[in-house]
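Dear colleague,

Please find below the structure that I am handing over to you. My notes on it follow directly after.

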Amino acid sequence: MTSGVLTPETAVLDDEPPEARCQYCHRPFDTGRSCALHIGEVHSNEWTEDEQLAYEDAVAAEEDELWMYHMKIVVGLGVTYAIIVLIYMIVLG
Amino acid sequence: MWAKRRVLTIILSTLGVASLAQPTAAHVGGLSGTTTSASVPTWLTILTGGVIVGASFMFTSLMTDHTAIRAINEWRIVVPTPNAVRTAIRYAVQGTSIGVLLVILVTGFTGPQTPTSNFAILVVWAGWWAGYTMTVYLFGNTWPLFNPWRAIAELLPSSRHRTYPEWLGAWPSVAALLALVWLEVINPVAQDSQLLALLIIGYSVFTLGGAWLYGTETWFGNVDPISRVFRCYGLLAPFQRTESGFEFKLPSAALAERQVSERVDETAFIIALLWVTTYDGFVSTPLWTDVARPIVGVGIPPLLLYSLTIIAGFGFFYIYRFAAHQVRQTGRTYVTPEFIEGWFAPSLLPIAAGYHIAHFLGYFLTLTPALLTILSQPFSPPVNVQVLVLPGWFPILQLLFVLLGHLVAVWVAHALAFELFPGKLKPIRSQYPFIIVMIFYTMTSMWVVTQPFTPPPYV
Ligand SMILES: [Zn+2]
């Protein structure tokens, strides 16, 4: 994606107005963090030093949130598995 | 193509193996309560399928390393193919496929009425639609090479009178696909070789006329539904054609690398392809018979009912579209619903292929001995034709194929989401609406597969 940057069609409808816009491709984002992540993923060959710092912060912040999210997922998988085993035990038992 | 289970029942009874007809028809037709493990009820099998799809989403959401996801999808081996070899193969194959088409037409009109002794019936349904289609999504799209109509059209002079209207896009192929499947369901073209030959002549006139008017590339690239079906299925295959030859990739990985949002007409075609596989199964469930009888009793003509149903089911397009709208909320993104719907559309293709293989592998294997016999002697078919009897566990394999298609779809959508949305949480959250739709589609498909085969009424 270095040569042809993917620019999806975007539209700001009746949603809340975007909090940030990418300065390179003008794609709107709901938060500054999303925008910082986007710049790091797509425009890392032309970004400024500030944007690089913002990207690193955004990645770190997301990692924390992702950890909680993954914990929930793991618990969810465990619960799902337990319920299915229980159903099989009831039905086949 | 979809009427094959009807055919099989007829085939087996005409062969006089009444004792075999019952269990084998049940195997090919789907899982009835007796063929699956008796202790696990159908509803639980279906529920388990839905849960596995949901759980696989949860599982893939643990995989958030963008580079790793890309590395898996980008892995490839390039197989260089010299041009001279390609050209030589091309002429040999095209000559052969034109020859086969002619033999199909001749045997269609003059061959025996028993479907298993008829070259046209066996080659078209078992050989081509069941067997060949599997090679397209399991290996690669060879249809541009094999397509006899393309070969003929290239030999004929082209008028190039008309320019193809841009706005029509893939819409004619959507309509033509639905029409072909509708024709197939309401007519016994999988049993009556003469009808089949007539259908092929009709298709040939339509196709060659169209290619003559608009040019070969335009016609086969836009309008011809069969070429588009194989092009779609070919995207799943490990062998992908490139400028320098071929490359070998992981199955379905090419889908995750598309980097384009399909146009709305192309999305509609993918949805139509998915729907027609389900439609074929659905009209041979007992539920359909129960629903259709009172409706026809009220005075609705059966043909109208079958047409309305195939059009109404295409309304799944709107469910998918609604899900794409919801992605804007769950993914908190400003990307337009139209772009989202086109972006994720290719992820539906593995589901269609999974359903195809679930439906046709058994049919293909059952008829393989008959197909091989008839290929060696097209004009003097033997009276006693051999068929293969499938083992009792085969229906479970069918369910696994349906499930596998959905699991691959979850993976492809996951990879596509990481390409489209920034960070790691947004791509995962964006998938919620699609996963819900997919769980329901899995359960519906599995339900259809578990239903005992019931011949569609009134046709
Ligand atoms: Zn940008």
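A residue is called buried under 20% relative accessible area, exposed over 50%, and partly exposed in between (1.4 Å probe, protein chains only). By this rule Glu257(B), with a relative accessible area of 25%, is partly exposed.

This is a predicted model, in which local features need pLDDT of at least 70 and side-chain atom pairs count only at pLDDT 80 or more, while totals for chains, interfaces and linings use all residues. Residues are numbered from 1 along each chain as its sequence is written, chains are lettered from A and ligands numbered from 1 in the order in which they are written, and side-chain values use heavy atoms, with hydrogens and water left out.

Salt bridges

A salt bridge is a side-chain nitrogen of Lys or Arg within 4 Å of a carboxyl oxygen of Asp or Glu. Over all chains, 15 salt bridges are found. One of them pairs Lys424(B) with Glu63(A) at 3.1 Å, N to O. Lys424(B) lies in the loop between α20 (394–420) and α21 (425–430) of chain B and Glu63(A) in helix α2 (residues 49–92) of chain A, so this pair joins two chains. Helices (H or I, at least four residues) and strands (E, at least two) are DSSP runs, numbered from the N terminus.

Within chain B, Arg76(B), Glu247(B), Lys249(B) and Glu257(B) are linked in a network of salt bridges. Arg76(B) meets Glu247(B) at 2.6 Å, N to O. These two are 171 residues apart, Arg76(B) being in strand β1 and Glu247(B) in strand β3 (residues 245–249) of chain B. Glu247(B) is buried at 8% relative accessibility, and Arg76(B) is partly exposed at 34%. Arg76(B) also forms a salt bridge with Glu257(B), the closest N and O atoms being 3.0 Å apart.

The zinc ion

Which protein atoms are the donors of the zinc ion? They are Cys22(A) (SG), Cys25(A) (SG), His38(A) (NE2) and His43(A) (NE2), lying 1.9 to 2.3 Å from the ion. Donors are N, O and S atoms within 2.8 Å of the metal (3.2 Å for Na, K and Ca); water is not among the atoms, so sites may look incomplete. Along the chain, the donors follow the spacing C-x2-C-x12-H-x4-H. Cys25(A) and His38(A) are both buried, and Cys22(A) is buried as well, with a relative accessible area of 1%.

Cysteines

A disulfide is a pair of cysteine sulfur atoms within 2.5 Å, and the structure holds 0 of them over all chains. Cys35(A) is in no disulfide, and its nearest cysteine sulfur, that of Cys22(A), is 5.6 Å away.

With kind regards
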